Amino acid sequence: MKYKEDYPAFYAVRDVGRQKKRFILLMLLVALCVGGAVFVDGLRHSAEVVVSVYSGEILTVGTPEYRAFHWASKAATIGGTMRVSGWVLSWFAAYYAASHVLSHGTQSAAVLSALGVRQKTILRVMLHESLLVLLPAVAFGTFVSTRLFRIWLRRRILAEGFPARLFQTHGGSIWSFLILCAGILLAAAIPLLVMHWKLGGRSVGVLFREGERE
Amino acid sequence: MIYMEHLKKAYRVKGKPRPVLEDVTLNVPEGEFLILLGKSGSGKTTLLSVMGLLEPYDGGTYRLDGTDTAGLSAKERTDLRREKIGFVFQSYQLIPTLTAFENVEVPLGFDGVPKEERRARVEEALIAVGLEDRIHQRVTELSGGEQQRVAIARAIIRQPKVILADEPTGNLDRVNADEIMKLLQSLHRTVVMVTHDESLTAYADEVCALRAGVLA
């Protein structure tokens with residue numbers, strides 16, 4: 001007989017492990033960190049284009065091109081530095097969110113184990129639950145941040161009189177985004193891997209004892 | 001049904017082995033109700049975890065319904081647990097957002113049992129534990145005794161041969177505790193129950209005491 005484990009196990013973990021308000025807060029935290037990382041990467045990317053256009057040229061002080069180049073040089077430096085900080089913050093936020101999901105899902109996972117659900121199914125379900133929190137947060141943070149960046153940059157260009165044709169407003173580089181996402185996926189997997197390692201061949205079901213002692 | 005001989009189990013604490021079960025020899029025939037008495041730290045819950053194939057053991061023999069459990073893979077242990085064993089926990093371990101019906105239904109969902117058959121079996125199990133009027137109520141709306149009945153219904157829904165109960169009356173008052181004990185007695189299955197409450201031993205066919213990892 002083929003056992004269909006994923007569907008009911010998934011909903012069992014979701015239903016026990018989820019506390020709506022806390023989950024929403026976690027998603028907002030991740031969205032905020034990801035949004036910040038995407039924003040500063042957009043700043044860096046847009047500014048670097050302007051810097052590369054005018055590098056090696058002689059610009060007259062006070063002209064729109066000179067002011068744009070000067071501003072872009074500073075923005076590229078700041079954006080480049082803060083991009084890495086944004087990544088690290090996002091990865092920590094993702095790790096924190098995934099750890100929280102794991103800690104809340106552990107007791108239900110222990111029950112599932114006692115009910116005869118296979119270990120790898122339980123771990124897969126818990127990873128799905130972490131991704132359910134993280135992926136919408138990343139998407140939301142990226143979308144909102146990209147929109148805000150466009151609005152902000154256009155206003156800056158208008159206010160300062162920079163040549164608008166030089167500036168790209170689509171956001172950061174795709175490689176930066178992929179690095180950010182890869183780190184988030186790894187951060188989500190780490191708590192599960194740690195738990196699996198700590199169990200050391202024991203079933204997740206032993207964790208129900210620890211829950212009962214608490 | 002449950003046969004253990006010179007079973008040993010130790011945990012590693014800061015790199016050093018800490019023995020929990022020193023030498024457990026046990027034979028529980030089919031249909032017997034065994035109570036394992038022991039104080040906190042005696043190893044009784046660890047013994048139950050080993051019996052339930054949740055924890056591996058370090059030495060000795062453990063046969064469950066004729067199957068030697070030594071050398072079984074994690075998947076084989078899980079499958080054996082699914083087929084042979086039902087668990088009852090001290091704090092019920094029900095899914096609070098689901099109804100009594102849905103909680104009992106969960107194991108059958110894992111087994112891919114068709115919907116109509118699931119409905120019939122779940123209703124039968126809940127009637128058997130005296131909850132015919134509570135079938136579609138959320139478990140958080142039930143009393144402690146009723147929740148434990150739901151947990152017992154979930155434990156027996158797959159018709160396991162063995163029920164392992166870890167302090168099932170620990171969170172209940174005297175009246176509810178007696179009712180749960182009578183219910184466990186009425187299951188006519190092999191039941192192994194762990195408790196520190198000596199007053200419950202009257203319900204058992206056999207009583208063993210566990211002290212410092214050794215069965216007396």
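1. Ground rules. This is a predicted model, so local features need pLDDT of at least 70 and side-chain atom pairs count only at pLDDT 80 or more, while totals for chains, interfaces and linings use all residues. Residues are numbered from 1 along each chain as its sequence is written, chains are lettered from A and ligands numbered from 1 in the order in which they are written, and side-chain values use heavy atoms, with hydrogens and water left out.

2. Glu167(B), setting. Look in the loop between β7 (162-166) and α6 (174-186) of chain B and you will find Glu167(B); helices (H or I, at least four residues) and strands (E, at least two) are DSSP runs, numbered from the N terminus. Glu167(B) counts as buried because its relative accessibility is 10%; buried means under 20% relative accessible area, exposed over 50%, and partly exposed in between, with a 1.4 Å probe and protein chains only. Its phi is near 45°, a positive value in a residue other than glycine.

3. Glu167(B), partners. The side chains of Glu167(B) and His196(B) are joined by a polar contact of 3.0 Å. That term means a pair of N or O atoms within 3.5 Å; within protein, one must be able to donate a hydrogen and the other to accept it, and residues adjacent in sequence count only if both atoms are side-chain atoms. Leaving aside residues up to four places away in sequence, Glu167(B) touches Lys44(B), Gln90(B), Val194(B), Thr195(B) and His196(B), where contact means heavy atoms within 4.5 Å.

4. Lys44(B). This residue sits in helix α1 (residues 44-51) of chain B and is buried, with a relative accessible area of 6%. Not counting residues up to four places away in sequence, Lys44(B) has contacts including Leu36(B), Gly38(B), His196(B) and Leu210(B).

5. Ala177(B). Helix α6 of chain B holds Ala177(B), which is buried at 4% relative accessibility. Beyond four places in sequence, Ala177(B) touches Thr169(B) and Leu172(B). The C-alpha atoms of Ala177(B) and Gly144(B), 33 residues apart along the chain, are separated by 9.9 Å.

6. Gln159(B). In the loop between α5 (144-156) and β7 of chain B, Gln159(B) has a positive phi of about 60° although it is not a glycine. Gln159(B) counts as exposed, at 53% relative accessibility.

7. The helix pair in chain A. The axes of α4 (residues 119-160) and α5 (residues 174-199) of chain A come within 11 Å and cross at roughly 155°; axes are lines fitted to C-alpha atoms, for helices over the stretch in contact, and angles run from 0 to 180 degrees between N-to-C directions. α4(A) and α5(A) are therefore roughly antiparallel to each other, a label for angles over 145 degrees, with under 35 roughly parallel, 65 to 115 roughly perpendicular and the rest oblique. Residues making the contact include Leu123(A) and Met126(A) of α4(A) and Phe177(A) and Ile184(A) of α5(A).
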